[in-house]
Amino acid sequence: MDWLVQTLRHYPELGLFAALAFGFWLGPKKFFGFNLGAVTATLIAGVAIGQLGLSIPGPIKSTFFLIFLFAVGYGVGPQFFAGLGKDGPRQIVFTLVVMVACLLVPIVCAVIAGLDVGYAAGLYAGSQTISASIGVATDQINKSGLPAEVAKHMLTAIPVGYAVTYIFGTIGSALILSKLAPKLLGIDLVQACRDYETRLGGGKATAQTGILSAYRRFGVRTYRVTDRSGLVGKRCDDAYPGVRVFVERIKRDGRIIVAEPGTVLQAGDVVAISGASRLLVEDVERLLEEVEDPELLDMPATIVDVFVTSKALNGKTVAELAELPEARGVYLARITRHLVDIPLLPGTEVLRGDVLRIGGSVDHVNAVVKVLGYADRPTDATDIAFIAAGILLGGLIGVLSVKVGGVPISLSTSGGALLAGLFLGYYRTIKPKFGQIPAPALWVLNNLGLNVFIAIVGINAGPDFISGLQKLGLSLFLWGIVATTVPLLLAVVLGHFVFKFDPAILLGCCAGARTTTAALGMVQDAAKSNIPALGYGMPYAVGNTVLTIWGLVVVIVMMKLAG
């Protein structure tokens, strides 16, 4: 054991990896239905390792934090600037109002409790579950010109306030939104989601909409056209009006031809028809006899994720996209927005920055990709030059400062990196081949960047963490409950009575504004539906940005109040 301790002290970078290993191992594990998450678990591991007297100096902490913030901005950029569906403007205003409450309530709690700047910043970060604000607050304290010992005390206090308040910030938010809010408003969440789904086209007859069936398992089968089928002399696209099945290929007189919408069917044709399996059984086989023809079925097919960049199609519903000529023979399997799956319904709006998983023949898929945006096919290539230049540019802009009342104020390198990610993430919706960051790489940048930062914060704060926890632990925890609960309940009441969001998406809007995916998951479990996710995207994009920047505002306000 002595050898291990001495080794870690001599090579503190190994302590960093130990904190990451423990944090990512413990974080996902559930206890009584909840988990700590990788960030909190990594912080705890860092604090524990920090008790050994380790210290990790230098710029590595801020370097990884800049990478994290750039990745956050890049991920939410498309919807931050362009995600305006029917409820978009209302959701933006709602989120900004909630953001003001998320800023003011923790500050008021900190003032009443007599907390200093560091504890106040930690209380804010933990109660609002916005880990990114720790770095922004740290930057602001470092450049405030305070004596070194005072600054060190504040910086040590931040992770204490964060760790004590984060657990209720996460668990409490989830319970408030999934359990308390529906009872407070008298909402039957399950029925509200069913009603909303019906209004978006859920439950309608498949043959009438031609939509829902296409999202289920689809396939291609071969059939023979006979005089008795009633299809002889009909164009391919008129064979099954109102039903989303498509004639893909035809074998006629021993030759295989590609079926076009206007191709006329003849007696004796063997046709390959694609569609949802249920439709092929219920509708196609009523008129046609299925036959075996492996040669006709031997056509290339693909499933691909498409990054939506089209400005013209932004805000169009799935039903409207299905009517595009290029959508012939293409089937939608999934819509992802901010790494969250949203419902596949005819009335679901598709926004720029969404990722659609589509399948069909290679030719059909390629045709619709050109209309929608950019095929996000698996690749190992990440544009490192783009990432580095973006962080550099954002950081240079961020360090520019002005003095207000003698206090230097700037975006800081952290805020600059976040905004650079926002703008460049949005710009990629215009130039999709520019700045390639595959989804797995973005996940690594996001999670590794934040958790390396958090681990170093915990390790460096380790020696003073326990004393701070003993001194203010209970008080911090109770004030954290207030700081978490009041803005969230205010959001629920405002969203329902003032902004009049549909109950089915209201709680998703609240979870998005607070950027708490854990709460969204519990709301969807309570609703027995993923409809609430439709309200999550836009508030999340705005909230993630504003809540992060609020970290430096908390520091500035608390310093001014302290004189």
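1. Helix α2 (residues 12-26) and helix α3 (residues 37-50) have axes that come within 7 Å and cross at roughly 140°. Axes here are lines fitted to C-alpha atoms, for helices over the stretch in contact, with angles running from 0 to 180 degrees between N-to-C directions. Helices (H or I, at least four residues) and strands (E, at least two) are DSSP runs, numbered from the N terminus. The angle makes α2 oblique to α3; under 35 degrees counts as roughly parallel, over 145 as roughly antiparallel, 65 to 115 as roughly perpendicular and the rest as oblique.

2. This is a predicted model, in which local features need pLDDT of at least 70 and side-chain atom pairs count only at pLDDT 80 or more, while totals for chains, interfaces and linings use all residues. Residues are numbered from 1 along each chain as its sequence is written, and side-chain values use heavy atoms, with hydrogens and water left out.

3. On the α2 side the contact (heavy atoms within 4.5 Å) includes Gly 15, Ala 19 and Phe 22, and on the α3 side Ala 38, Thr 42 and Ile 49 are among the residues involved. By class, the contact of α2 with α3 has 10 nonpolar, 4 polar and no charged residues. Ala, Val, Leu, Ile, Met, Phe, Trp, Tyr, Cys and Pro count as nonpolar, Asp, Glu, Lys and Arg as charged, and the others, Gly among them, as polar.

4. Helix α5 (residues 88-113) packs against helix α6 (residues 117-127) at about 135°, with the axes 9 Å apart. The two are therefore oblique to each other, and their crossing is right-handed. Cys 102, Leu 103, Pro 106, Cys 109 and Ala 110 of α5 meet Ala 120, Leu 123, Tyr 124 and Ser 127 of α6. This contact divides into 8 nonpolar, 1 polar and no charged residues.

5. After α5 comes Gly 114, with a positive phi near 75°.

6. An open sheet is formed by 5 strands in the order β5-β4-β6-β3-β7, with antiparallel pairing (strands pair if DSSP finds at least two bridges between them). β5 (255-258) and β7 (289-290) stand at the edges with a single partner strand each, so one side of each has no neighbour in the sheet.

7. Strand β3 (residues 218-224) and β7 run antiparallel and are joined by 2 bridges. Tyr 223 stands opposite Glu 290 in β7. Helix α12 (residues 277-284) packs on the sheet, touching β3 and β6 (270-276), and its direction makes about 125° with that of β6.

Note on methods: A crossing is left-handed if the near helix is turned anticlockwise from the far one by less than a right angle, and right-handed if clockwise.
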